[in-house]
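Colleague: I am new to this structure and would like to go through a few of its helices and strands. Please show it first.

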Amino acid sequence: MSTLEKTSKTESKHKLLRVNGSEAVILSLLEEKVDTIFGYPGGAIMPIYDALYNYQDQLNHILVRHEQGAVHAAQGYARVSGKVGVCFATSGPGATNLITGIADAQIDSTPLVCITGQVPAHLLGTDAFQETDVLGISMPVTKWNYQVTKAEEIPEAIAKAFYIAKTGRPGPVLIDITKNAQFGEIDFKYSPCEKIRSYHPYPSNNSNQIEEAAELINNAKKPYILAGHGVLISCAEKELQDLSEKADIPVALTLLGLSCFPPDHKNYVGYLGMHGNYGPNIKTNECDVLIAIGMRFDDRVTGDLSKYAKQAKVIHIEIDPSEIDKNVKTTVGINADARQTLEALLPLIKKNNHTQWINEFNECEKIEYEKVVKDQVNPKTDKVFMAEVIKKISDKTKGESVIVTDVGQHQMIAARYYQFRKPNHLLTSGGLGTMGFALPCSMGAQLGAKDQQVIAIAGDGGIQMTLQELGTISQYNIPVKIVILNNHFLGMVRQWQQLFFDKRYSFTEMTNPDFPKIAEGFGIDNEKVSERGGLDKAIDKMLASSGPYLLEVEVEKEDNVFPMVPSGESVTNIRLD
């Protein structure tokens, strides 16, 4: 090869690619190793979709039936894959339809990059067709948002979006791109973002705080660990188990923390919260050192804050500084990553034995079994109860399926009775409590974990909020298993009306459609079970199905979820019936 030929090849290699803004969006996503996008096209984002047409062999785009479906699917994809979820929507109603899912992702710390189209820059503020101030609307529920008005800004904005979304406490980011920026031409160059001035996502551990925490733990008589979603986000499952075993400390999990600690471990004492286990709730007000790891002390866990763990010294390990001392006053607040903190803490922890303390939890478990669990999983009537359905699914899947729940009674039952044996295998809407979450989220989860079995658990109310996504499941043959626990009520609201509003069932009873017939209309295999005798066989048939499957189970109409901490009351006032 001649010198001239070598020079020409080198120049070609370093020559910048001339593209329009829309193609720059697609190329930027490829640079970030994105492989799946959930979205819905429209006028203001049409140029980006036109660019996407040429990259269908590199990017898998899933056409949802509603933009809320896109953002929930992106959440499911992110939660199981550990990657950033990506979704597209057009301007105006397309963008506003993302907001519920963005708010959900914000409070539950799910990394998303949401890209919306926008009217041309010269029309901003004129109330142009489908113009909405999506930056103003989304600002309170995003980790960061930005409006791109020039094509030159696109690569840097997207690089920054991915960096912010996935670092520190993860969360959603929204990039709004005007139509003129999508058409404008640039010399494409992409540099991944590795640092932003004034943004420090990973605070350093303070050695004095680590030592102080270790001293409290080593001298504790009744230490107690409350572990949350932050353990899963930081991949600190092993370190959590090491701490529990070395110091012999009981561990309870928050709703979003479920699956971060083995359910059959001798130190696992159960699930916290309003409908959590008996022991984990009441013992919060008996421990002497409370160690909170990657959780935020929300009201569903604490109940009445004025009566919450007042006797305990509190150690709070949390990456988001705004959460420390926000709800519960700490003795030692450690603003740092959970895994890094536990790694630094473990060498300072002495081996210990707290058998008598852990046995107190075991005694509570026996009480709960006799008063609640026994009749739920083995009911003495011919009616089917939610708990036995979940228990059977848990046993038949060996606790290894990815469970995606909607919001309501079935959500709490799934949290209580499914034995999660693998990390990140419970996907649920925790902080926002978004009905309609399960079906679209399960689509994203299945595409993000193709080798896993994904089961969506929904109620008859929540499923109807996003039922149209059966069309997406059918079109792409996404093999999710959908279980509808149908009690013909908005069950959780009905339970509150029964217990606290003198059984005044105000607008909670539902006349439902024929769910199997709807599934049949979408070409999805289905079955309905109304009696206990057919339950086992129906679940087996569903689990053995190679494609998507919908199973409706008629359950007891006035089945309640217990234990229950009444809203605003102390955790010690937990009800067993």
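Colleague: Why is helix H2 largely enclosed by the rest of the structure, and how many of its residues are buried?

Modeller: This is a predicted model. Helix H2 spans residues 21-31, and its buried residues include Gly21, Ser22, Val25 and Leu29.

Colleague: In what order do the six strands of the open sheet lie?

Modeller: The pairing in this sheet is parallel, and the order is S3-S2-S4-S5-S7-S6. The strands that pair on one side only, the edge strands, are S3 (60-63) and S6 (144-148).

Colleague: Which residue of S4 is the bridge partner of glycine 39?

Modeller: Strands S2 (residues 36-39) and S4 (residues 85-89) pair in the parallel sense over two bridges. In S4, the partner of glycine 39 is phenylalanine 88.

Colleague: What angle does the direction of helix H4 make with that of S4?

Modeller: Helix H4 (residues 67-81) packs on the sheet and touches S2, S4 and S5 (112-118). Its direction makes an angle with that of S4 of about 170°.

Definitions and conventions. Residues are numbered from 1 along each chain as its sequence is written. This is a predicted model: local features need pLDDT of at least 70, side-chain atom pairs count only at pLDDT 80 or more; totals for chains, interfaces and linings use all residues. Side-chain values use heavy atoms; hydrogens and water are left out. Buried means under 20% relative accessible area, exposed over 50%, partly exposed in between (1.4 Å probe, protein chains only). Helices (H or I, at least four residues) and strands (E, at least two) are DSSP runs, numbered from the N terminus. Two strands pair if DSSP finds at least two bridges between them. Contact means heavy atoms within 4.5 Å. Axes are lines fitted to C-alpha atoms, for helices over the stretch in contact, and angles run from 0 to 180 degrees between N-to-C directions.
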